[in-house]
Amino acid sequence: MSREQVVLAIRRGLRRGPLPPDQAMALQARLDAHPRHPIPARSRLDRDGQVALFAANVEREFGTVLRVADAAAVPAAVADWLAAQNLPSAAAIAPHPELRAIPWADRPLLRLREGRAEAADAVAIQHGFAGIAETGTLMLPSAPERPTTLNLLAEAAVVILRADRVVGAYEEAWDLLRAELGAMPRNVMLVTGPSRSADIEQALELGAHGPRRLCVVLIGAG
Amino acid sequence: MQTATSSAFKANARVALNDAGLQKALARSGTSFIARRAAAAAALPEFETLRDEARAIKDHTLAHLDFYLEAFADKVEAAGGQVHFCADAAEARAVVLEICRAAGARTVTKGKSMISEELGINDHLEANGITPVETDLGEYILQLRHETPSHIIAPAFHLNREDWEASFRAAHTDLPPERVFRERRDILVEARTKLREKFLAADVGITGANFLIAETGSSVIVTNEGNGDLTQTLPRVHIALSSIEKVVPTLEDCTSLLRVLARSATGQEFSVYTTFSTGARRPDDLDGPEAYHVVIVDNGRSGMLGGEFQPMLRCIRCAACMNHCPVYGAVGGHAYGWVYPGPMGSVLTPALIGVDQAGLLPGASTFCGKCESVCPVRIPLPGLMRHWREREFERHLTPAAQRRNLALWAFVAKRPVLYRALTRAGAFGLRLLAGRRGRFQRLPLAGGWTAGRDLPAPEGETFFARYAREQRGRAA
């Protein structure tokens with residue numbers, strides 16, 4: 001009932017009735033085609049350039065980037081980083097097939113628990129769907145194998161991202177998501193650096209409510 | 001709904017100018033937003049083009065708002081969410097309360113949301129036995145202090161560090177009273193710990209929505225702290241509040257707007273967390289809310305469509321206008337007396353609560369034009385404020401003395417010969433009166449000026465007279 005009321009009020013303001021069918025169809029076609037607007041030139045680089053730009057931007061936004069040659073090198077990189085940060089050698093980890101394929105057993109002291117994150121978790125390891133070079137942004141869509149809480153609850157968030165999943169601009173990431181996931185999942189987080197606030201006297205502090213540290217492990221960055 | 005004191009703007013401003021703590025806060029924060037926005041704009045060659053795109057996207061959407069809102073609602077429902085259309089604040093409050101009651105909610109966490117301030121959600125929930133907990137750091141301390149936001153993205157803009165420490169000591173009585181806040185970080189850590197418990201205990205999470213996306217039926221929040229995400233992910237129920245004009249057609253349209261939003265607001269290229277929510281938990285998801293509601297409110301905006309104030313509906317709530325406004329920079333946000341301060345508040349508030357109540361706000365501008373020059377969607381704010389002044393004048397809301405003076409000036413200005421004669425006499429006479437000093441410490445009718453500074457005397461000749469004299473000299 002109220003939907004009708006609000007729609008009618010809008011049409012009264014616009015001084016017209018419902019759109020004629022051909023106009024409505026044109027608007028629907030625009031929705032279906034989702035045309036792009038101008039994309040900033042900075043990310044129009046070759047693959048290596050985009051990966052380098054992505055890494056530089058992550059670091060500029062107070063994140064850490066660990067470059068490893070292949071999946072086999074990931075356990076050591078993660079375990080060593082945790083030790084260097086004086087973080088516990090234990091993490092909640094996304095139950096994603098690509099993460100399961102990593103030889104975590106090479107570092108048996110790293111205790112991993114598959115599933116969503118809990119409040120007590122100091123470290124969470126997430127699977128990166130895509131990286132956007134334009135601003136060093138991670139695209140993290142929710143899924144049974146990519147629970148959202150891994151992005152939010154831990155003190156340190158580690159995201160494992162293949163270098164070939166780095167794209168230049170957000171529009172390219174949206175197209176990847178449309179192609180591979182079909183429909184929007186419950187939640188898509190675009191994450192750029194660790195949590196922060198400048199609410200106290202406009203001074204920047206990291207680690208407001210979300211993770212204080214963000215570490216991206218970039219596989220195959222050469 | 002928050003009671004407006006906008007009609008007391010002059011008194012509010014006087015109080016604000018004499019508030020040492022506020023002035024200290026304004027002085028500290030004043031130029032940093034300006035510098036950061038300028039740096040971000042300079043670092044992106046396409047920034048001006050993107051502003052034009054942003055304006056075009058918003059104008060297109062507003063012209064077809066009914067279509068896009070209905071498309072949005074259909075998509076939300078297809079994804080398993082629920083949409084509630086509300087004509088006004090009372091309906092919206094009732095809907096939110098009903099959803100919370102149905103969920104058996106005792107506590108509700110909240111992300112920062114100006115629309116929730118406008119609708120008076122918190123007071124309504126409290127009056128009905130449900131406890132709302134603000135989780136944005138700035139909103140949290142305001143809740144402790146029983147204050148309202150003074151800035152639309154930095155709600156605690158008006159507070160200094162000693163205010164934070166005092167409020168935390170007073171509220172967090174379970175912590176050792178002799179603890180020291182060595183750095184600002186200590187305040188942050190204390191808030192993080194306190195609010196973590198609240199996040200985990202909440203039954204319902206309420207956020208606003210920076211954008212609604214018709215293509216996918218998604219609501220978008222743009223934050224830096226992560227509180228908005230914790231608010232909308234952990235509880236069983238997520239309610240996203242939005243006014244009708246937040247909808248945009250596609251993900252690509254939203255992306256273009258996002259490119260100018262953070263840059264205009266804080267000078268960041270992108271906020272830390274930009275999150276798109278579509279429906280409730282999917283069958284095999286391990287986390288996420290079980291129910292997703294979008295509450296879409298009109299509350300006076302449809303009345304702005306199709307008229308001279310429609311451009312105001314383009315606003316994406318970045319706060320660039322108030323960051324650059326010399327008036328806001330002098331008196332802060334509370335002086336404006338309602339939810340929305342600064343230039344955008346001066347245009348929006350009369351539209352939502354009436355020009356009879358809020359007419360002083362569009363009057364509190366020098367029309368320097370800085371707001372319009374930085375608005376990412378190019379809203380002609382001074383022009384819209386002038387429309388309000390005209391409306392006010394037509395409705396005889398302007399004080400009688402002001403009307404008389406304007407009428408007098410108009411009489412003279414419409415008679416150029418008389419105007420020039422009077423100004424020549426005035427210029428000559430004032431020059432004589434000022435004598436050797438060349439300026440007035442006191443002058444009848446100029447008390448507003450001379451209370452704070454000397455008034456320089458005219459040089460004795462009007463511009464027209466001098467111009468004519470010099471032209472004659474040239475011709476000779």
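1. Within chain A, β2(A) pairs with strand β4 (residues 123-127) in the parallel sense over two bridges. Two strands are said to pair if DSSP finds at least two bridges between them, and strands are DSSP runs (E, at least two residues), numbered from the N terminus, as are helices (H or I, at least four). In this pairing A:Ala92 stands opposite A:Ala124 of β4(A).

2. The basis of this note is a predicted model, in which local features need pLDDT of at least 70 and side-chain atom pairs count only at pLDDT 80 or more, while totals for chains, interfaces and linings use all residues. Residues are numbered from 1 along each chain as its sequence is written, chains are lettered from A and ligands numbered from 1 in the order in which they are written, and side-chain values use heavy atoms, with hydrogens and water left out.

3. Strand β2 of chain A (residues 90-93) is also joined to strand β3 (residues 111-114) of chain A, by four bridges and in parallel. Here A:Ala90 has A:Arg111 in β3(A) as its bridge partner.

4. Opposite A:Met189 stands B:Thr275 in β9(B).

5. At the interface, 81 residues of chain A are in contact with 100 residues of chain B, contact meaning heavy atoms within 4.5 Å. The two chains bury about 7,500 Å² between them, of which 55% is on carbon and sulfur atoms; buried area is the accessible area (1.4 Å probe) that two parts lose on being put together, summed over both. In chain B, the residues that lose the most area to chain A are B:Asp66, B:Arg192 and B:Glu252, together 10% of what that side buries.

6. Between chain B and chain A the count is 16 salt bridges, each a side-chain nitrogen of Lys or Arg within 4 Å of a carboxyl oxygen of Asp or Glu. One salt bridge is formed by A:Arg3 and B:Glu70, whose closest N and O atoms are 3.1 Å apart.

7. Over all chains, the structure holds 13 aromatic pairs. Rings of Phe, Tyr and Trp (its six-membered ring) pair if their centres lie within 6.5 Å; planes under 30 degrees apart count as stacked, over 60 as edge-to-face and the rest as tilted. B:Phe309 and B:Trp388 form a stacked pair, 4.1 Å centre to centre with 20 degrees between the planes. This pair links distant parts of the chain, 79 residues apart: B:Phe309 lies in the loop between β10 (291-297) and α13 (320-324) of chain B, and B:Trp388 in helix α19 (residues 381-394) of chain B.
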